Structures are given as C-alpha cells and as structure tokens.
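My notes follow in the order in which I took them.

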Amino acid sequence: MKALCIYLLICFCLTNVGNARQEKISVLVITGGHGFDRPAFFEMMDALRNIEYKELAQPEANAYFLNPEGYDVILFYDMVQEISEAEKAGFEQLVKDGIGLVFLHHAIVSYQDWDFYRDVLGGRYIENEDSTQMQSNYQHDVHYDARIADKDHPISLAIEDFEIFDEIYGQVFISPDVNVLISSSHSESMEHLMWSREVNPKTRSVYLQPGHGPGIFADSRYRNLLKNSILWAAFRR
Ligand SMILES: [Zn+2]
C-alpha cells in the first residue's frame, strides 16, 4: 500500500511538472497609431511556439492599464502619444508589480513626453519640432547588418550575425545603461538595434529596432529573437 501511494505521488508530481512546462506564455499585443502589414505580422506571431496572444488596438488599448490582468508579457507594436494620467499610473504600478515588456520598432516613438516609458524601454526616437534640437530620422528599404554584441545572453545565444532588409532609424537616444544585444555598423543607422533591461527584480524589458516588415517578419533569426525576448521577459529563460 505504501509503495502504491509513493508511486501515485511520483506520477502526480511528474504530471504537474509536465503541465507547467507546457503552459503557454500569454502575450498582449498592442497595435495602432501606425500602419503595418497585418497578414505578415500575425503569420509570424502564429508561428511562435508556446505563445498565445491577444491583440488590443489603440486608442482603446491603453484602457487595459486601468485594470491590467491576465498576461505574462505585453508586446508594444503601437505608436501613440495619448495616454491618460490614470492609465500611466496603471502602467507604472504594473511595472512595479512585475510584467514582461517587449517593444518593437516604432514603439520607441510613442509618448515623447513620458519619461517613465522612455526609461523602461531604454531609449527614445526623438521627434522635435524645433529643428535646432536633436531629431531622429528614418529610412525605408535599407540593407544593414545585425552584429550580435552579447553572444552569451539567453536572447541572442546561438544566433549568428545576419543581414537585414528593413527600415533604419538614425539619431535615436539610447540609455547608456542598457544591455546591448545587437549592434549595426551601418553609418546611418542607430548604433544598437536591440537591447535588454532589468527594470527591477520583477520586470524585464527588451527593445528590437527592426520590424517595419513585411520581409523581416519571415526571417527565422528575427522570429527567434522575438520568441527569445518574450521568453526572457516572462522569466522563462
Ligand atoms: Zn516603420
């Protein structure tokens, strides 16, 4: 009888370990404020294994931060400036409590006047109306190189340097304390294309510059970087 009980206990434990491993990471994808190739983007999202997602579009999406529940990771692929003070407070509390954050491409242009967002993301594409001030810029359809700067990081581990055909950004502010994962030697591109941050012990964030699409969305190395970013932000890597 005792042996049977031990056997059943072991079976129960193994089953639960298996379930925990297979549990999918839930991702909230925030879009809106900027056009993108929806079929190509969501074909990529559908191909990411062990990840389930839901899309919320701006301007309504920010209301999520008034009662943020139910997701392991938020993937920002929006570009907006409007957010209420209550929604800002909700996001700031969420970051304090712990959440995974992945910012793609034009999400670095959002919230020019909200420094908390810039600091969590680790940079800002600067839009200045005053032409004498620093101003970021962009250029479509550029071939540029992605050089892995941190070969030991769980996100960029086992990914080789590769060529990108996408949109570049130039003259972008990057916080000096980010952990650089990918750089580029293209003279007109921002120097670093991808970085990670440990915002606090419970919140990790990642920024990935390429992502205008649609070609880059089909690239297996890009897909791996995105998947690894989501896993790492969710403390699964
Ligand atoms: Zn773009």
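Predicted model: local features only at pLDDT ≥ 70, side-chain atom pairs only at ≥ 80, totals over all residues.

Residues are numbered from 1 along each chain as its sequence is written, and side-chain values use heavy atoms, with hydrogens and water left out.

**Entry 1: the whole chain**

I looked up the secondary structure and found 5 helices and 11 strands. Both are DSSP runs numbered from the N terminus: helices are H or I with at least four residues, strands are E with at least two.

I then checked the radius of gyration, which is taken over C-alpha atoms; the globule rule is 2.2 Å times the number of residues to the power 0.38. For 237 residues a compact globule would come out near 18 Å, and the 19 Å of the chain agrees with that. The C-alpha trace spans about 80 × 45 × 35 Å along its principal axes.

Of the 237 residues, 49% are buried. I take contact to mean heavy atoms within 4.5 Å. Among contacts with a separation of 6 or more, 69% are between residues 24 or more positions apart.

For charges, I counted Lys and Arg as positive and Asp and Glu as negative, leaving out His and the chain ends. Each charge is placed at NZ of Lys, CZ of Arg, CG of Asp or CD of Glu. The chain has 20 positive and 35 negative charges, and their mean positions are 12 Å apart.

**Entry 2: the annotated domain**

The UniProt record, an unreviewed entry, gives "domain: ThuA-like" for residues 65-233. I note that UniProt positions are given in the numbering used here, that feature names are shortened, and that annotations may be inferred rather than shown by experiment. Over residues 65-233 I read 20% helix and 33% strand, with the end C-alpha atoms 18 Å apart.

**Entry 3: S175**

Is S175 buried or exposed? S175 has a relative accessible area of 7%, so it is buried. I found S175 in the loop between strand 8 (173-174) and strand 9 (179-183). Leaving aside neighbours within four places in sequence, S175 is in contact with G122, G123 and R197.

M194 sits in strand 10 (residues 192-200). M194 is buried because its relative accessibility is 0%. Beyond residues up to four places away in sequence, M194 touches a list of residues including I155, V180, I182, V206, L208 and L225.

S184 is in the loop between strand 9 and strand 10, and at 4% relative accessibility S184 is buried. Which residues does S184 touch, not counting those up to four places away in sequence? I listed Y144, D145, R147, S189, M190, E191 and L193.

**Entry 4: I168**

I168 lies in strand 7 (residues 162-170) and is buried, at 2% relative accessible area. Outside the four places on either side in sequence, I168 touches, among others, N137, Y138, Y144, H186 and Q209. I also looked at I168 against V80: they are 88 residues apart along the chain, and their C-alpha atoms are separated by 19 Å.

Where are the cis peptide bonds I noted? One joins Q58 and P59, with omega about 10°; P59 is in the loop between strand 2 (51-57) and strand 3 (73-78). Another runs from G213 to P214, with omega near 0°; P214 is in the loop between strand 11 (203-208) and helix 5 (220-233).

I also noted positive phi at residues other than glycine. D141 has a phi of about 55°, lies in strand 6 (residues 137-148) and is exposed at 56% relative accessibility. F235 has a phi of about 60°, follows helix 5 and is partly exposed at 40%.

Definitions and conventions: Buried < 20%, exposed > 50% of the residue type's maximum accessible area, 1.4 Å probe, protein only.
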